[in-house]
Amino acid sequence: MSDDLLAQAKAVAAKAYSPYSDYLVGAAVRARDGRIYEGVNVENAAYPLGICAERTAIACAVVDGCRPGDLVEIAITTAPCGGCRQWLHEFRLEQVTFPKPDGEVVSYTPDELLPESWDLPA
Ligand code: THU
């Protein structure tokens, strides 16, 4: 994991729209061909409708043509929530990096973050 990707996630967090939680999250995802997509959390007055930073970043990548297997690594300014872990699994990220609450930066595979994960039965 390049430190640059986490630095980019931290920088973009300033653009988050999170007036309800006041918790700014940023994410940066790198595609296999080097393209980088950024995301922030976007909240809504109807609270459950908000979207996490990781999902915004992945959605931007999808708009640009990326599909599962095209995204290599993602850096997030916080540990990914359970729902985002399912997205990281679906898009087959190879490495997920974030700082723990104590500041230590850790990297995991989606499988490590979501063992025995669910897939649509064939
Ligand atoms: N949040 C993220 O953006 N990513 C996560 O994985 C954890 C939570 C956001 C959602 C909400 O806008 C705010 O953090 C507080 O829960």
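Val42 sits in the loop that runs between strand 2 (36-40) and helix 2 (53-63). In this predicted model, Val42 is partly exposed, with a relative accessible area of 34%. Together with Tyr17, Tyr20, Tyr47 and Ile51, Val42 makes a nonpolar surface patch of about 500 Å². The points below cover the ligand site and the salt bridges.

**Ligand surroundings**

- In the side chain of Asn41, an N or O atom is 2.9 Å from an oxygen atom of the ligand.
- Glu43 has a polar side-chain atom 2.5 Å from an oxygen atom of the ligand.
- For Glu54, an N or O atom of the side chain is 2.5 Å from an oxygen atom of the ligand.
- The ligand taken alone exposes 380 Å², and the protein buries 76% of that.

- Side chains of opposite charge can pair when their charged atoms come close.
- The count of salt bridges in this model comes to five.
- One of them joins the side chains of Glu73 and Arg30, with an N to O distance of 2.7 Å.
- Glu73 belongs to strand 3 (residues 71-76) and Arg30 to strand 1 (residues 26-31), so the pair ties together parts that are 43 residues apart in sequence.
- Glu73 counts as buried because its relative accessibility is 5%, under the 20% limit for that class.
- Arg30 is partly exposed, at a relative accessible area of 26%.

**Salt bridge between Arg32 and Glu94**

- The side chains of Arg32 and Glu94 also meet in a salt bridge, 2.8 Å from N to O.
- This pair links distant parts of the chain, 62 residues apart: Arg32 is in the loop between strand 1 and strand 2, and Glu94 is in the loop between helix 3 (82-90) and strand 4 (95-99).
- Arg32 is partly exposed, with a relative accessible area of 48%.
- Glu94 likewise counts as partly exposed, at 43% relative accessibility.

**Network around Arg35**

- Asp33 and Arg35 meet through their side chains in a salt bridge of 2.9 Å, N to O.
- Salt bridges that share partners join Asp33, Arg35 and Asp64 into one network.
- Asp33 has a relative accessible area of 52% and is therefore exposed, the limit for that class being over 50%.
- Arg35 is partly exposed, with a relative accessible area of 33%.

Notes
Residues are numbered from 1 along each chain as its sequence is written. This is a predicted model: local features need pLDDT of at least 70, side-chain atom pairs count only at pLDDT 80 or more; totals for chains, interfaces and linings use all residues. Side-chain values use heavy atoms; hydrogens and water are left out. A polar contact is a pair of N or O atoms within 3.5 Å; within protein, one must be able to donate a hydrogen and the other to accept it, and residues adjacent in sequence count only if both atoms are side-chain atoms. Accessible areas come from the Shrake-Rupley method with a 1.4 Å probe; for residues, only the protein chains shown count as cover. Patches are made of residues with over 30% relative accessible area and no salt bridge: like charges are joined within 9 Å, nonpolar side chains (Val, Leu, Ile, Met, Phe, Trp, Tyr) within 5 Å. A salt bridge is a side-chain nitrogen of Lys or Arg within 4 Å of a carboxyl oxygen of Asp or Glu. Helices (H or I, at least four residues) and strands (E, at least two) are DSSP runs, numbered from the N terminus. Buried means under 20% relative accessible area, exposed over 50%, partly exposed in between (1.4 Å probe, protein chains only).
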